[in-house]
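This briefing goes through one structure by topic. Please look at the sequence and the 3D view before reading the points below.

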Amino acid sequence: MDSIIVTGGGPLSGTIPIAGAKNACLTLMPATLLSDEPLTLTNAPRLSDIRTMSQLLGSLGAEVSSLSDGLVLAMSSHDLNGERADYDIVRKMRASILVLGPLLARQGRAVVSLPGGCAIGARPVDLHLKALEAMGAELELRDGYVHAKAPSGGLHGGIVDFPFVSVGATENALMAATLARGTTVLKNAAQEPEIVDLVHCLQAMGAQISGEGTDTIEIQGVDRLHGATHRVVTDRIELGTYMLAPLVAGGEVTLGGGRRNLLDAFCTKIEEAGAEVTESDAGLTVKRANGPMQAVDVETQPFPGFPTDLQAQMMALLCTAQGTSVLEEKIFENRFMHAPELIRMGAEIDVHGGHATVTGVDKLKGAPVMATDLRASVSLILAGLAAQGETRVGRVYHLDRGYEHVVAKLRGVGANIERIKEDG
Ligand code: EPZ
């Protein structure tokens with residue numbers, strides 16, 4: 001199993017190119033199931049989660065070719081021959097549930113494993129199921145699987161009023177509704193840039209959708225969707241992660257392709273903590289405005305709020321900011337698993353329920369650490385960038401799910417970081 005070794009050092013400088021968004025690509029890929037014509041995605045990220053989704057689509061009979069060194073995914077679902085998403089794949093990646101809506105809409109049947117819990121929380125899929133039921137789907141939960149059937153005339157339009165915002169349930173409902181008879185209205189829908197990106201792709205395939213980027217999305221079902229080519233939106237979480245690097249370690253870094261409107265609440269928060277963020281044609285440039293970073297309070301929220309997917313990385317920054325910060329996690333009940341590891345590096349953090357109180361210390365100290373999920377892992381790398389001595393981050397496979405070329409990208413701006421192979 002590989003580890004990443006970071007040795008804390010001096011200021012960073014240069015440019016980090018930001019890839020296409022993992023979480024957009026993971027919902028754009030199942031959209032291929034909606035059409036018998038090819039769907040091509042450009043600006044795809046090179047990640048293990050993308051390979052897992054390719055494998056899942058392949059098991060359903062879709063063809064997925066990875067071209068141009070993985071940047072282009074050419075997909076065709078002309079000859080679908082499967083309807084079952086097996087537990088072996090779904091347990092590896094929860095986004096597998098996103099094949100449910102498209103399969104049901106196109107083939108009228110689907111059998112998808114329930115994902116079960118995960119490191120950051122229970123993460124049920126009840127909202128996905130309720131949305132599909134509102135479109136007439138008949139669902140049965142048996143042997144750990146959802147067995148779903150569309151009524152004889154296919155799915156029909158419906159009104160779905162989500163009790164709280166769910167990105168995945170909005171995506172599943174959106175995709176299913178594109179081929180349903182009549183109009184579907186999604187109320188309290190997610191507004192994330194990845195949802196808007198999915199809608200733009202579906203529109204390019206001929207879907208009739210309005211209201212994307214607001215909390216009410218209306219979909220007028222059509223008989224069929226056609227092929228399209230779509231560019232995956234920039235990964236705002238990779239962007240935010242690397243924006244924190246020069247704030248932790250000092251220096252000035254430009255994030256190639258970054259746009260402020262993808263992360264406005266996050267930008268405002270780091271500015272409050274003492275960052276200077278400048279937008280130009282090249283992307284976003286970040287440095288400390290003057291002097292050390294200051295404590296700030298953070299509350300995670302659905303878009304346009306502060307993203308839960310940047311909470312762990314923000315905590316790494318606040319560990320050495322001046323003063324006491326309170327982070328409140330409102331989306332996932334168990335998303336502070338990085339705190340005990342940061343404490344091993346000398347951080348002062350007190351976790352109590354959905355809150356973490358962080359009191360800044362002068363310096364963190366390198367230590368062997370490991371994390372239980374993707375964002376927690378990268379927060380340990382950020383912490384290691386300015387820590388005294390060597391930080392060894394284990395369980396690197398979490399990072400490979402969501403950050404392409406993390407070592408090369410950070411080395412490119414002067415970080416002292418390497419990946420090593422270890423036995424066992
Ligand atoms: C997406 O997960 C992202 N994953 C997550 O990215 C991200 O943290 C999350 O949205 C929130 O922004 C992908 O896009 C592939 P939700 P998703 O449904 O869709 C509860 C990362 O690190 N809920 O918006 O699964 C749920 O438990 C990650 O890249 C239900 O109760 O998130 C959570 O508390 C991990 N019932 C809240 O809603 C449901 O049916 C929001 O979850 C669905 C969700």
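A backbone N or O atom of valine 167 lies 2.7 Å from an oxygen atom of the ligand, a polar contact (a pair of N or O atoms within 3.5 Å; within protein, one must be able to donate a hydrogen and the other to accept it, and residues adjacent in sequence count only if both atoms are side-chain atoms). This is a predicted model, in which local features need pLDDT of at least 70 and side-chain atom pairs count only at pLDDT 80 or more, while totals for chains, interfaces and linings use all residues. Residues are numbered from 1 along each chain as its sequence is written, and side-chain values use heavy atoms, with hydrogens and water left out.

**The ligand and its shell**

- Leucine 127 also places a backbone N or O atom 2.7 Å from an oxygen atom of the ligand.
- For aspartate 309, a polar side-chain atom lies 2.6 Å from an oxygen atom of the ligand.
- On its own the ligand has 830 Å² of accessible area, and the protein covers 86% of it (areas come from the Shrake-Rupley method with a 1.4 Å probe; for residues, only the protein chains shown count as cover).
- Two or more residues of the shell come from each of helix H1 (22–28), helix H5 (126–134) and helix H6 (167–178); helices (H or I, at least four residues) and strands (E, at least two) are DSSP runs, numbered from the N terminus.
- H5 gives the largest share of the shell, three residues.
- Around the ligand there are 21 residues, of which Asp126, Leu127, Ser166, Asp309 and Ile331 come nearest (a residue is near if one of its heavy atoms lies within 4 Å).
- The shell has 10 nonpolar, five polar and six charged residues; Ala, Val, Leu, Ile, Met, Phe, Trp, Tyr, Cys and Pro count as nonpolar, Asp, Glu, Lys and Arg as charged, and the others, Gly among them, as polar.

**The sheet with E2**

- Four strands form an open sheet with mixed pairing, in the order E2-E15-E17-E16 (two strands pair if DSSP finds at least two bridges between them).
- Strand E2 (12–17) and strand E16 (275–280) are the edge strands, each pairing on one side only.
- E16 and strand E17 (residues 283–288) run antiparallel and are joined by six bridges.
- Glutamate 276 has lysine 287 in E17 as its bridge partner.
- Helix H8 (residues 236–249) lies across E2, strand E15 (251–256), E16 and E17, at about 30 degrees to E17; axes are lines fitted to C-alpha atoms, for helices over the stretch in contact, and angles run from 0 to 180 degrees between N-to-C directions, with contact meaning heavy atoms within 4.5 Å.

**The sheet with E6**

- Another open sheet of four strands has mixed pairing and the order E6-E7-E9-E8.
- Strand E6 (84–85) and strand E8 (138–142) each have a single partner strand, so one side of each is left without a neighbour in the sheet.
- E6 runs parallel to strand E7 (residues 109–113), with two bridges joining them.
- Opposite arginine 84 stands valine 111 in E7.

**Backbone details in loops**

- Phenylalanine 303 and proline 304 are linked by a cis peptide bond, with omega near 10 degrees.
- Proline 304 is in the loop between strand E18 (298–299) and helix H10 (311–318).
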